[in-house]
Amino acid sequence: MAISAQNKKDVPFNGIVEDVVGAPIKGAKVWVISPDFYALTDKQGKFGLTNVQPSDSIHVKYKKLTYAILVDTMKSMRIRIADELIVEQDEELVNTGFGFVKRREHTGASSGIPGEVLVRTGRTNVLEAMQGLVPGVNISNGKVVIRGVGTINGDPTPLFLVDGVEVQSLDFINVHDVDRVDVMKDANIYGAKGGNGAILVTTKRGSSKK
């Protein structure tokens, strides 16, 4: 049964691109409005977008061919590129949330910190270990402010994502479990929640699944 697409800007839209036999396609370019703002499918064929509306079309470019698919009532897309394009909604993809959303090109600067750099600080708390490592980011008493971005309802706290899942705090993450931390000043791909920027933590466990 089809589910009506929501109009909220912070709703993730996940998808998978497959070939004629159902094998995942890596490196397909996926966008909504402009090809300058796109996602690339990973080795499992997965991609993630936000700000997708029912009136939008999902564009997929693969082997010099571009396919346009109207979103309509779908909240996810499993796309099989065959003689005839096969597109269906997948409930498992809908329930994944922000798991497939990747940083797209031309969405603003991102500062990446390898986990081993955090470990060398001698601190076990992720935020404490990040202090002084990212220009333009102030961290004090567990509070984070990314300079150069606005505030939502007067609260400057950025969005925290761990392996693609939104969390309220990073206190439960040990630096020894971290593969990489990315700081995004322009996190609009996450909708309104990314208005204060975003801190993306990829754990060693999460990295091994990609």
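Reply: A residue is called buried when its relative accessible area is under 20%, exposed when that area is over 50%, and partly exposed in between (1.4 Å probe, protein chains only). The model is a predicted one, in which local features need pLDDT of at least 70 and side-chain atom pairs count only at pLDDT 80 or more, while totals for chains, interfaces and linings use all residues. Residues are numbered from 1 along each chain as its sequence is written, and side-chain values use heavy atoms, with hydrogens and water left out.

Start with Val32. With a relative accessible area of 11%, Val32 is buried. Val32 sits in the loop between β2 (29-31) and β3 (38-40). Helices (H or I, at least four residues) and strands (E, at least two) are DSSP runs, numbered from the N terminus. What does Val32 touch, not counting residues up to four places away in sequence? Its contacts (heavy atoms within 4.5 Å) are Leu49, Val52, Asp56, Ser57, Ile58 and His59. For one of them, His59, the C-alpha atom is separated from that of Val32 by 6.0 Å, although the two residues are 27 apart along the chain.

Now the charged side chains. A salt bridge is a side-chain nitrogen of Lys or Arg within 4 Å of a carboxyl oxygen of Asp or Glu. The count by this rule comes to 4 salt bridges. One of them joins the side chains of Arg78 and Glu18, at 2.6 Å from N to O. This pair links distant parts of the chain, since Arg78 is in strand β7 (residues 76-80) and Glu18 in strand β1 (residues 13-18), 60 residues apart. Glu18 is buried, with a relative accessible area of 8%, whereas Arg78 is partly exposed at 21%.

Glu18 also meets Arg80 in a salt bridge, at 3.3 Å from N to O. Here too distant parts of the chain are linked: Glu18 in strand β1 and Arg80 in strand β7 are 62 residues apart. Arg80 is partly exposed, with a relative accessible area of 30%.

Arg78 has a salt bridge with Asp90 as well, the closest N and O atoms being 2.9 Å apart. Asp90 lies in the loop between β8 (86-88) and α1 (91-95) and Arg78 in strand β7, so this pair ties together parts that are 12 residues apart in sequence. Asp90 counts as buried, at 15% relative accessibility. Through shared partners, the salt bridges join Glu18, Arg78, Arg80 and Asp90 into one network.
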